[in-house]
Amino acid sequence: QVQLVESGGGLVQAGGSLRLSCAASARTFSNYPMGWFRQAPGKEREFVASISWAGSRTLYTDSVKGRFTISRDNAKNTVYLQMNSLKPEDTAVYFCARGGLRGSVTGRQSEYQHWGQGTQVTVSS
């Protein structure tokens, strides 16, 4: 049973920073790409960032490029999302997800089989 637990969300003013963490229970964490997604009120869940299983490749949605950084520590079974220069439009519930075994770095939600419960990020103006 794979469990993904997000943490680090909260309330921050525009221009501030937060770092989200996602701890995975699986011992084979390092063999899987990981992704971050978000869902704002009244909107569909959307892709934010993903990272390859080795951590050598990353992918970002255009709206967060230059502001967000995804990284992973395979020794700690944890993936991170550093969020800088936050904007009110970044307000959403953020979810981490695990992709397929040695799968590709992708923003397609159908490629991710396991999801966390989410952590709320609220950016005030």
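# Notebook: salt bridges, core, rings and loops

**Entry 1, salt bridges.** I began with the charged side chains and found D90 and R67 joined in a salt bridge, with N to O at 2.8 Å. The two partners come from distant parts of the chain: D90 sits in the loop between β8 and β9, R67 in the loop between β6 (58-60) and β7, and 23 residues separate them. I checked the burial of the pair, and both D90 and R67 are buried. I note here that the model is predicted.

I then asked how many salt bridges there are by the rule in use. The count is five. R67 and D90 also belong to a network of salt bridges that takes in R38 and E46.

I looked up two further bridges. K65 and D62 meet through their side chains at 3.0 Å, N to O. K65 is partly exposed because its relative accessibility is 49%, and D62 counts as exposed at 60%. R108 pairs with E111 at 3.8 Å, N to O. E111 has a relative accessible area of 31%, so I list E111 as partly exposed.

I searched for disulfides and the count came to one. The bond joins C22 to C96, with S to S at 1.9 Å. C22 belongs to strand β3 (residues 18-24) and C96 to strand β9 (residues 92-99), so the link ties together parts that lie 74 residues apart in sequence. I read 50 degrees about the S-S bond, and the link of C22 and C96 is right-handed. Are C22 and C96 buried or exposed? Both C22 and C96 are buried.

I looked up the largest nonpolar core, which has 28 residues. W36, L81, M83 and Y94 have the most contacts inside this core. The elements that give two or more residues to it are β3, β4 (34-39), β5 (46-51), β7, β8, β9 and β11 (119-124). Which of the elements gives the most to this core? I find that β3 does, with four residues.

I took M83 for a closer look and set aside its neighbours within four places in sequence. M83 is then in contact with G16, S17, L18, L20, R67, F68, Y94 and V121. One of these, Y94, is listed with M83 among the residues with the most contacts inside the core. Another, R67, is the partner of D90 in the salt bridge of my opening entry.

**Entry 4, aromatic rings.** I counted aromatic pairs next, and the structure holds four. F37 is in strand β4 and F47 in strand β5, 10 residues apart, and the pair links distant parts of the chain. F37 is buried, as is F47.

F37 also pairs with Y112: the centres are 5.1 Å apart and the planes stand at 80 degrees, so this pair is edge-to-face too. Y112 lies in strand β10 and F37 in strand β4, so the pair ties together parts that are 75 residues apart in sequence. F37 counts as buried because its relative accessibility is 0%. Y112 is buried with a relative accessible area of 5%. I record one aromatic cluster formed by F37, F47, Y112 and W115.

I located S25 in the loop between β3 and β4. The relative accessible area of S25 is 37%, so S25 is partly exposed. Leaving out neighbours within four places in sequence, S25 is in contact with Q1, V2, Q3 and N77. The side chain of S25 reaches the backbone nitrogen of Q3 at 2.8 Å.

I went on to N77, a contact of S25. N77 is in the loop between β7 (68-73) and β8 (78-83). Its phi is near 55 degrees, a positive value in a residue other than glycine. Most residues other than glycine have a negative phi. N77 counts as buried because its relative accessibility is 16%. R102, not a glycine either, has a positive phi of about 50 degrees. I place R102 in the loop between β9 and β10 (112-115).

Key: Residues are numbered from 1 along each chain as its sequence is written. This is a predicted model: local features need pLDDT of at least 70, side-chain atom pairs count only at pLDDT 80 or more; totals for chains, interfaces and linings use all residues. Side-chain values use heavy atoms; hydrogens and water are left out. A disulfide is a pair of cysteine sulfur atoms within 2.5 Å. Buried means under 20% relative accessible area, exposed over 50%, partly exposed in between (1.4 Å probe, protein chains only). A nonpolar core is a set of buried Ala, Val, Leu, Ile, Met, Phe, Trp, Tyr and Cys residues joined through side-chain atoms within 4.5 Å. Contact means heavy atoms within 4.5 Å. A salt bridge is a side-chain nitrogen of Lys or Arg within 4 Å of a carboxyl oxygen of Asp or Glu. A polar contact is a pair of N or O atoms within 3.5 Å; within protein, one must be able to donate a hydrogen and the other to accept it, and residues adjacent in sequence count only if both atoms are side-chain atoms. Rings of Phe, Tyr and Trp (its six-membered ring) pair if their centres lie within 6.5 Å; planes under 30 degrees apart count as stacked, over 60 as edge-to-face and the rest as tilted.
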